[in-house]
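Dear colleague,

Please find below the structure that I am handing over to you. My findings on its charged residues follow it.

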Amino acid sequence: MLRCWKSRIFLSVLLSLCGVGSAVAQSAAAPLRHFEIPSQSLHLALGQFARQSGMQVSVDAPTVDGLMSWPLSGEFTVDQALNTLLTGTGLQWYLSDDATVVLQSTAVDGMTLLPKLKVESGVDIAAEDAPYRAAESSSVITGEQIARFRGTSVGDIFQGTPGVLVGENRNSGGLDINIRGMQGQSRVPVLIDGARQETTVYRGYAGVASRSYVDPDLIGGIDISKGPVMDADGAGATGGVVSMRTLSVDDIITTDKGWGLRLRGSLMSNSSRPPSAGTAAGVNGTGMVYRVDCASPGLCEGEHALPESFGEPSGMDRPGLLDFRSWAGSLALAKRFETVDVVIAYAQRDQGNYYTGKDGPIPDVELQYRELPFYTEVTALREGISRFRGEERVVNSNNKSKSLLLKSDIYLPDDQLWTLSYQRYDSEYGELMPSQLIWLEKIRQTESSTVTADTYTSRYQWNPGNRDWLNLRANLWHTHTRSLNRSYSEDIYESFNSPEPKAETYDRYGLDLSNEMTWQGWGEHLLSYGLSAQWEDIDTPIPAEDLENPLANAAFGRIGERDELAVFLNWQWQPWEELTLNSGIRYLRVETEDHKPIVPQGEMQCVYDASGECVEEVYVESIYCVDRDGDGECDPISYRTRNSGSAPVFSVSWEPWLNGVQFYLRHAEALRMPSLFEATQGWSVKPALDVALRPEHATNREAGVNVLRRDVLFEADRLALKLARFRNLTEDYLTRTSPNVWEEGNEMFVMRNIDSVELHGTELSVEYDQGRFYGSVAGTKYDHIEVCHYGSYRRERCNDYGVANSYFNNMIPPEWHATVTLGARLFKKRLDTGLRLTYMGQRTPTPPFNDDTARGFNSPVPWHAYRLVDLYASWQHSEQLSVDFNIDNATDQYYLDALSLGMVPAPGRTARLSLTWSF
């Protein structure tokens, strides 16, 4: 570990000038390339060197752990660039006959040979290139992209990622990721430094939202896997995994100093401070019948009087484009010590209610007249996709949050790394329930909901360079979330005689343990294996006298626990350089227990005579009734589940010409056991005693081609392409449905396994970067969407739009969505500017007749197709100061986001101004 290397500068300069004579002689005639690599960890610097040189670098990480690179800026040959990067590290290199670079360390007793770095023409393995070298679908969102497309809501950072959407994006500040139609209940785990903090929030009859919380200013990068994955943190992930990395020392220290500071401030327009609780908004009073031209004035008074306006005047005072009223700020400090790196970061944002756009299907009120003898009857009908008017303030879209990040990398002897981190997210936010927008008389600003999420992680890695059989990782984590959802205004709770909302606490504890080993023998082999475990506990305070009351159990939140254990084994074999085979299997076992007691309820049943008529009704006791104390009544029992099983993954990749063109096939299966929400009773839905919950079984098949090339049209340009065809089938899909006539109880909703959910489609991602100009195209097209369920009142077993009362109805992705980005780097690359075009198709429509979802309470939200234009510009004023300016939704469209649960329109035209100062 080298932290202080100033004393070696003189020796390093000598090495760079004359220590590698043969290589320098060869470089005299070599072409010059432009390099821009700041001082940072040597491992990251070598990755940037690979990208900018057009060469592939494969390095054993422990060799360069703890070493810093010298900054590199300007025109250099490859040899000169390597010499400069290694300045001050105590390492030198030479180019051997077999096209490898050998690192050597200068020691007192001579030269010590270190592991080799293989350097060859071809493609590199940088983070943004990894999706184009993998035999699976994946995406990467870099820290630069997060800062560029921050948007209004946290989920906006995922806009433009093929196959990925965010459900319920305009509520709460939480993330509910949808990957190829899979969403919620840990189908797509969102990991923050390896920890899961997802909580499920009741969203009324329309469904539920699974939320994870993090401030975008504290994210260093995001890796997205689509479909089942075979590693320690992928247990239960049928849709994919979103892995977020918080800020590290290398994200903050951009100079040759041992410490760094990043200060960022942002201003946002198109918003205003939220009004007081109870303030009405939107179009109200439609669907009513009024009177005009009355023979007697009294006939047209009171509730019969036709209002002058169907909306409140307040909330229509939209501020100007450059009237900045919302703000965000963050401060991040990093320091390198001899054996420890430390990061301290704090972020805060204060966002008011935003305003809708003006162009699109805005609501309109149509008056229909019918003349009667003593007055004219007037019916007011509303058209449009939402009750919010064009350019109106959207109540409850406000969000305040404070976030703290503490993180430390501890470098232990023998190539061991121990990373500790703590993150706290504290937020107050407005929330609009879908039922308030659809059925209730008025939309109102409510008291803010609150959430506090604490995330603790301890990650350990031991990867000694001289032991091929050891690459050990051990992760421990704990998340504690406390949330209070005030979804309705106070008058609604009073009119419904509903219980006051209760704070809910959710604790998760997790353990991941894995190891990798490699060996040679008829090719290269990589064997990885390990286990993971989770312990979950959810609690809502309920008065003791209500614990055995079935009505109270339905009204209050959930109480229960869940235990999960998984083990996996994965073998990768590369018999030839052109061919890679992969196979693995995971075993998963889960138990849940509902801590709310259930009292089995009997029911009245008819006694029929020979003619088939009901002659008598008799009370039939539940078959689950147990009378242990002999009092003649059913005793309370607890609902429990226990499930287990295994699922395999196979893949093959073939690169016949070893030139960056790769073909692959993949078959991946995964099991998802019932979640804690699904297996416990609470508000809205519970499992039935006679409907056992089984695990979901996902089978994903994919065929694709990867292309990653350099020097295609111009020197040092980059072309990346990924085309994938996928067929995803989830059998025994778990969701809410209506009860069947033959099942016990008189429940409104039942949690159950339906037959299947199936989605087929094609996904394309293309990137081209010439240096001065760049662009990308990404999109997903679904050509087969099918949900199947055999149950009462079903007119057809399978359709493409949903099942009555199912959560899946509003998780179905649009038939297609695509994004085009075009940009340019001007004025010696100090100005980076461009635009992003987003095309979103409409969701699968419901039929005009015999709509199976019509008899339920959550008909699919029929968002319309929309097109968005986002503009961006970033000016690098100096090495320390940069300025970013964005205009989101530049054409001021009025639209509903895809996968919106409620009728909440998205923000209209919004300007954002950000300054970042790094030192």
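Arg-325 is partly exposed at 44% relative accessibility, where buried means under 20% relative accessible area, exposed over 50% and partly exposed in between (1.4 Å probe, protein chains only). Its side chain forms a salt bridge with Asp-323, the closest N and O atoms being 2.9 Å apart. A salt bridge here is a side-chain nitrogen of Lys or Arg within 4 Å of a carboxyl oxygen of Asp or Glu. Asp-323 is likewise partly exposed, with a relative accessible area of 29%.

Before the remaining findings, a note on the source: this is a predicted model, in which local features need pLDDT of at least 70 and side-chain atom pairs count only at pLDDT 80 or more, while totals for chains, interfaces and linings use all residues. Residues are numbered from 1 along each chain as its sequence is written, and side-chain values use heavy atoms, with hydrogens and water left out.

Salt bridges

The count of salt bridges comes to 48. One of them joins Arg-694 and Asp-732, at 2.8 Å from N to O. This pair links distant parts of the chain, 38 residues apart: Arg-694 is in the loop between strand E38 (661-672) and strand E39 (696-710), and Asp-732 is in strand E40 (residues 718-737). Helices (H or I, at least four residues) and strands (E, at least two) are DSSP runs, numbered from the N terminus. Arg-694 counts as partly exposed at 40% relative accessibility, and Asp-732 as partly exposed at 22%.

A further salt bridge is formed by Arg-589 and Glu-591, whose closest N and O atoms are 3.4 Å apart. Arg-589 has a relative accessibility of 34% and Glu-591 one of 26%; therefore Arg-589 counts as partly exposed, and so does Glu-591.

A buried glutamate

Is Glu-431 buried or exposed? Glu-431 is buried, because its relative accessibility is 0%. Glu-431 is found in the loop between strand E27 (416-429) and helix H8 (434-438). Its side chain makes a polar contact of 2.9 Å with that of Arg-203 and a polar contact of 3.1 Å with that of Asn-485. A polar contact is a pair of N or O atoms within 3.5 Å; within protein, one must be able to donate a hydrogen and the other to accept it, and residues adjacent in sequence count only if both atoms are side-chain atoms.

A negative surface patch

Glu-621, Asp-627, Asp-629, Asp-631 and Glu-633 gather in a patch of negative charge on the surface. Such patches are made of residues with over 30% relative accessible area and no salt bridge, like charges being joined within 9 Å and nonpolar side chains (Val, Leu, Ile, Met, Phe, Trp, Tyr) within 5 Å. Glu-621 lies in the loop between strand E36 (614-620) and strand E37 (640-654), and is partly exposed with a relative accessible area of 44%.

Backbone angles

Most residues other than glycine have a negative phi. Asp-415, although not a glycine, has a positive phi of about 60°. Asp-415 lies in the loop between strand E26 (399-412) and E27 and is partly exposed at 24% relative accessibility. Asp-711, also not a glycine, has a positive phi of about 55°. Asp-711 lies in the loop between E39 and E40 and is partly exposed at 38% relative accessibility.

Yours sincerely

Conventions: Areas by Shrake-Rupley, 256 points an atom, 1.4 Å probe, with all protein chains shown as cover. Lys, Arg positive; Asp, Glu negative; His and termini not counted. Charge placed at Lys NZ, Arg CZ, Asp CG, Glu CD.
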